[in-house]
Amino acid sequence: MSEALVQQTQAAPRPSGNAAIALQGVEKAFGRIKVIHGVDLEIEKGERHAIIGPNGAGKSTLFHLITGKYSKSKGNVFVNGEDVTHMRPFEISRMGLSRSFQITNIFANMSVFENVRCGLLWARGYGYSFWRLLGFEKALNDEAAQIVYDIGLEARMHTPAGVLSYAEQRALEIGITIAGDNDVIMLDEPTAGMSSSETTQIVGLIERVTEGKTLVMVEHDMSVVFNLADRISVLVYGEIIACDTPEKVRESRAVQEAYLGAALEEEH
Amino acid sequence: MTTTSERTYINALDVRKKNIRFNPAGLPVGIQVFMFAMLALILLGGYFSGGELAFGFLPVPTHTLLSQSLAIILFAMSYNMLLGQGGMLSFGHAVYYGFGGYAVVYMAYFFEAPFGLPGFNMAPFLPLFGGLMGVILAVILGSFSTRRAGTVFAMISLGLGQLAYSAAAVFKNSLGGEDGKSFARDEHPFIIPFIGETDLWFYKNDTIYLIIAFWFLIAVILIFLFSRTPAGRLSNAVRDNEERVEFIGYSMRSVRYLVFIGAGFFAGVAGGMSALAFESTTQSDLSNFYSGVALMAVFVGGAGFFIGPILGALIYQFFAQVLPSTLYELYLGIIFLVMVMFAPQGVAGIILMHIAFVKRWRKLLIPYGAAIIATMVAVFGLVVIAEMMHHVQIAGASDPNAHPLDWFSIDTSLAFNWIWAGAVMLAGLVGLYLIRKQVSEAWDQARETGDA
Amino acid sequence: MDWGFITVTLLDGLARGLYYFLVSAGLTLIFSMMGVLNFAHASFFMLGGYFAYIIAQEWGLTFWIALPAVPLIVGAIGMVVERFGLRHVHKFGHVAELIFTFGLAFLLQEFVKLVFGQDTKPYAVPEVLQGTLFTVGDQPFGSYRAFMILVSISIFIGLYLLLTRTRVGMIIQAALTHPNTVSNLGHNVPLIFMAVFGVGTALAALAGVIALPTDALQPGSAARLGPIIFVIIVVGGLGSLNGALVASMIIGILTTMFDASQLSVFSVMEAVANMLGIEWSLLERPTYELRRLMIGDLIMMSTKQVGALFPYLLMVLILIFRPQGLLGKRES
């Protein structure tokens, strides 16, 4: 990148008390290949934040780093003020962070209802118990059913998740993610592969179910991003080159160059 | 006008009723209770007519054979907890079975008046000690072997199974080496705790059957209920998608460990039952072969289905005990391999798949009928040839007449016999090959209908 | 210290470790490339032995014909198994593949039992290789063992050259980690898979041929060798050829030494106590009561029995203290 672009990069923020997610100097290298170069990011509680960037920029990797799937080569990650840098995914998940996956990641042999109910188990205190029969847990079942209604899959309540259509599976994916008391929701390309009508439905669903919660979204669909997000981070080659409101990001030269690429530079 | 949230809540009220009725087996609670009651009745019937003819014509196996069958069924069900429910493939499950047996043999030495309680003896509780041993072992071994799943776990279980098997040979005095350890069921009356003495005697096979059948029923109910608990559901989740489980707040390792311990418990109980019935436990109860039996029974019966392991264990027993052939392992191996390749859902899965299709049986009649006939022809030819080969191995020189399945006599020295048997087998296989397209079409149709 | 004994036993162990490596290398290749852990791999070892027995003994052609012919035959069988069996279950996942190969192993054992019978087939070392090559101290080192070492090492050199110096080898190496890319470049990846499976099984069969005079040939051979091979690759680290080599050497050499020595744990304890000049009441032969407990059995255990247990104990230790194996990478 040219010198001019480097100067436009945001200065590293300090972690504030109101941050749902905070990354400080996070780096990730696979062997000798550095994929994430020193990312600093703060996402406020209740904020709707989108992460965009060209393919291969490292967006999914960033998600994996936050949720504990990948270890960090350097730097720290904070969720709701706690240092989760060395925690395992299930520990981070218990702190209220939940994520969906780019490739649909559901429990294929269980019904839609049971998928969602599984998402609720820990939050509702069932732990690893083998002495309580789920069939008789009225409150739990009601809540799970409610979520299935919320995501619009009531017609497929007891269908095995594996036979659902793609869009239905994505909706279920979101349903599992929001189950429980998770207040930080991370969605990895929720509208991937959808038609525009399906996209509208999913976005409506996302807006509805993430009300009052912190939402972090990786997306490629710009209309979704600009409609939904309070702030946008632009990730290019493992670095955040812009982190601001949608209008400012749209106008940023650095972002334009990153997306339009070297073609612009060659023309000059 | 109702708001979105109100509408959702009202609909949820309707759903509430459906929830309780729709449990995973798809059957209402009343029917489940009824089925377990039927099971209890069947088991009781076994007690009264073991070794005789039920209703005057149905030959019932002896009490000892019934006891052994129950032990094997429970062993297979415990294995299903691991494989079918938890998705963990183990090649060393017999370790818990064998050591459960050893535990019972040892405890049987002490079955009179433990802890000085009057009117109380250990006899009815012996299988539980097998379970206890199973738990202890599973806690120890599972602590490092459940860290990884899939292939690595399978290899570890194989190594541990082999370790236990070799160790049994080494510990000649404590574990009896290759011959194992045994005890004698003495002439003690069977005392039901807190009720008093009965007319039943500990050394009699039918009394032992009663004890075994009782614990079998309890174990089966517990295993059934386990799959409906959070832990049971989570084990299914880990089987389906272990990564996702972490993101709903559960450590996949802990879930696997828990299921492992549960499976070890029931395997130990099964081993204890076997030791009680046969008055001994030997090294072969620990063997990799026996672990393989569990795998085959569960897979052929249908992994993941509740009745799968029951069917599979019964099929195994049929081949091992009923079929008059020493080649039953070969036949089982062929069936197993064929099912792995063409019907991995097992017998239970096949049945379930075709339930919806039963109405359209006419469509199935020709392709399935032809396939069944072709298979029977091929099997006949195969069995004749295999039995003849085996006979030649064993006693070919002295007596040329082989007796395939004790059915008829055939002279192995005549080349003609070999030729026609081979031709029959080939004919059956060719028939199967010709009809395969229609069969697979019908099969796919059935599967799609079954899924919907 | 009988240096002759130690040296010769070490060399014998080397021969054993090398043919263990022949088998485990094939298994590792197949696993790295296709993700399949071939449970039936030791069965191909056994088949190699039986085919060699037929060709060399029953048909009267010599060992020298069997040596090149058997790996080719069994390799061909392996390719058929891959093409018509493994490929079919591949779509059901790795666990299904493992179950399939397990069933195959079981069936092969039963089949061999049916065709050849349960008894152990005797096979003598080929005449030209009988006798001792040299002696260390007064311990003789057999020529045949030297031959085993020679064959194994030549095969490895050949394989190494093939993989690193030829074009085919490059393609195979690439397909080991990036089968999709290689396929997109126009290479026939299924064919490569079939070839690699064939080569892997051929290696196992070759090991079966050269081990034939030293190992008892019976239907249980595969069931005896199989678990050891799997322990080797777990200890060495799944997917690591170097790890398999190291583990094969350790297990091969140590088990040979345990087998050869006439000691028991008790006598070792005795020797150690004597060395340290300790008078120990336990030196008296354990009383009956002590024997009844496991401790007694443990003490009286001969080193040969330790040799049987040793690989599995090693595996348990590795799993507790270094789960990825000695030289293992993280499982993909």
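Me: Leaving aside its neighbours within four places in sequence, which residues is Asp181(A) in contact with?
Reply: Happy to start there, with a word on the model first. This is a predicted model, where local features need pLDDT of at least 70, side-chain atom pairs count only at pLDDT 80 or more, and totals for chains, interfaces and linings use all residues. Residues are numbered from 1 along each chain as its sequence is written, chains are lettered from A and ligands numbered from 1 in the order in which they are written, and side-chain values use heavy atoms, with hydrogens and water left out. Taking contact as heavy atoms within 4.5 Å, the partners of Asp181(A) are Ala123(A) and Arg124(A).

Me: Is Asp181(A) buried or exposed?
Reply: Asp181(A) sits in the loop between α6 (166–178) and β7 of chain A; helices (H or I, at least four residues) and strands (E, at least two) are DSSP runs, numbered from the N terminus. Buried means under 20% relative accessible area, exposed over 50%, and partly exposed in between (1.4 Å probe, protein chains only). Because its relative accessibility is 52%, Asp181(A) counts as exposed.

Me: How many residues of strand β7 of chain A are buried?
Reply: In a regular strand the side chains alternate between the two faces of the sheet. On one side of β7(A) are Val184(A), Met186(A) and Asp188(A), on the other Ile185(A) and Leu187(A), and all are buried. For this strand, residues 184–188, the count is five of five.

Me: Which residue of β8(A) does Leu187(A) stand opposite?
Reply: Two strands pair if DSSP finds at least two bridges between them. β7(A) runs parallel to β6 (residues 97–99) of chain A, joined by three bridges, and Arg99(A) stands opposite Met186(A) there. With β8 (residues 214–218) of chain A, β7(A) pairs in the parallel sense over five bridges. In that pairing, Leu187(A) faces Met217(A).

Me: What area do chain C and chain B bury between them?
Reply: The interface brings 46 residues of chain C into contact with 45 residues of chain B. Buried area is the accessible area (1.4 Å probe) that two parts lose on being put together, summed over both. Carbon and sulfur atoms carry 78% of it, and the total is about 4200 Å².

Me: Which residue of chain C forms a salt bridge with Glu329(B)?
Reply: A salt bridge here is a side-chain nitrogen of Lys or Arg within 4 Å of a carboxyl oxygen of Asp or Glu. The rule finds one across the interface of chain C and chain B. Its closest N and O atoms are 3.2 Å apart, and the partner of Glu329(B) is Lys113(C).
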